[in-house]
Amino acid sequence: QVHVRESGGGLVQAGGSLRLSCVASGRTYHMGWFRQASGKEREFLAGISASGGQTSYADSVKGRFTISRDNAKNSVSLQMDSAQPDDTAVYSCAASKVTLKSYQHLYDYWGQGIQVTVSS
């Protein structure tokens, strides 16, 4: 059983920064961050390869969000800068055996998600 757990969510003011973390048990996977705002579909934000050598970003967050990983700690982080009210959503981390891209059906294990709220 693989467990994926996010942490670091909460409230941040517009223009501020927040760092989300995710830990996945077991082997080292490709990892991705997603979010789902109220009334909207879940969207891909960023992905990182198992080695950390490749990353992928959605155009909507490129230049503001940065994904990184520390395999010694089996953790992946998402640094959110210049936060905007539209970033308010439930953020989820997921592990994949095959991809770091946006193909949600290729992610095998998902965390429960954490709330991020950006106040204006």
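Which side chains meet in a salt bridge at 2.8 Å, N to O, with Asp87 as one partner? Some notes while you have the model open.

1. **Ground rules.** This is a predicted model, where local features need pLDDT of at least 70, side-chain atom pairs count only at pLDDT 80 or more, and totals for chains, interfaces and linings use all residues. Residues are numbered from 1 along each chain as its sequence is written, and side-chain values use heavy atoms, with hydrogens and water left out.

2. **The opening question.** The side chains are those of Asp87 and Arg64, 2.8 Å apart from N to O. A salt bridge here is a side-chain nitrogen of Lys or Arg within 4 Å of a carboxyl oxygen of Asp or Glu. Asp87 sits in the loop between strand 8 and strand 9, and Arg64 in the loop between strand 6 (55–57) and strand 7, so the contact ties together parts 23 residues apart in sequence. Strands (E, at least two residues) are DSSP runs numbered from the N terminus. Asp87 counts as buried because its relative accessibility is 1%, and Arg64 is buried too, at 13%. For that label, buried means under 20% relative accessible area, exposed over 50%, and partly exposed in between (1.4 Å probe, protein chains only).

3. Put together, Arg35, Glu43, Arg64 and Asp87 are linked in a network of salt bridges. The count of salt bridges comes to four; one of them joins Lys62 and Asp59 at 3.3 Å, N to O. Asp59 is exposed, with a relative accessible area of 67%.

4. **Strand 4 and its neighbours.** Strand 4 (residues 30–36) is worth a look, with six of its seven residues buried. Strand 4 pairs antiparallel with strand 9 over seven bridges, and two strands pair if DSSP finds at least two bridges between them. In that pairing, Gln36 has Val90 as its bridge partner. Strand 4 also runs antiparallel to strand 5 (residues 43–48), with five bridges joining them. Arg35 has Glu43 as its bridge partner in strand 5, and both residues belong to the salt-bridge network too. Strands 4 and 5 form a hairpin with six residues between them, and Gly39 in the turn has a positive phi of about 80 degrees.

5. Strands 7 and 8 (residues 75–80) pair antiparallel over six bridges, and Phe65 stands opposite Met80 in strand 8.

6. **Strand 11.** Side chains in a regular strand alternate between the two faces of the sheet. In strand 11 (residues 114–119), Ile114, Val116 and Val118 make up the covered face, while Gln115, Thr117 and Ser119 are on the uncovered one. Strand 2 (residues 10–13) pairs with strand 11 in the parallel sense over four bridges, with Leu11 opposite Thr117. Strand 9 pairs with strand 11 in the antiparallel sense over three bridges, and here Ala89 stands opposite Val116.

7. The largest nonpolar core has 33 residues, of which Leu20, Met31, Trp33, Leu78 and Tyr91 touch the most other members. Such a core is a set of buried Ala, Val, Leu, Ile, Met, Phe, Trp, Tyr and Cys residues joined through side-chain atoms within 4.5 Å. Strand 9 gives the most to this core, with five residues. Val98 counts as exposed, at 55% relative accessibility.

8. **Backbone spots to check.** Asn74, in the loop between strands 7 and 8, has a positive phi near 55 degrees without being a glycine. Ser82 is not a glycine either, and its phi is positive at about 50 degrees.
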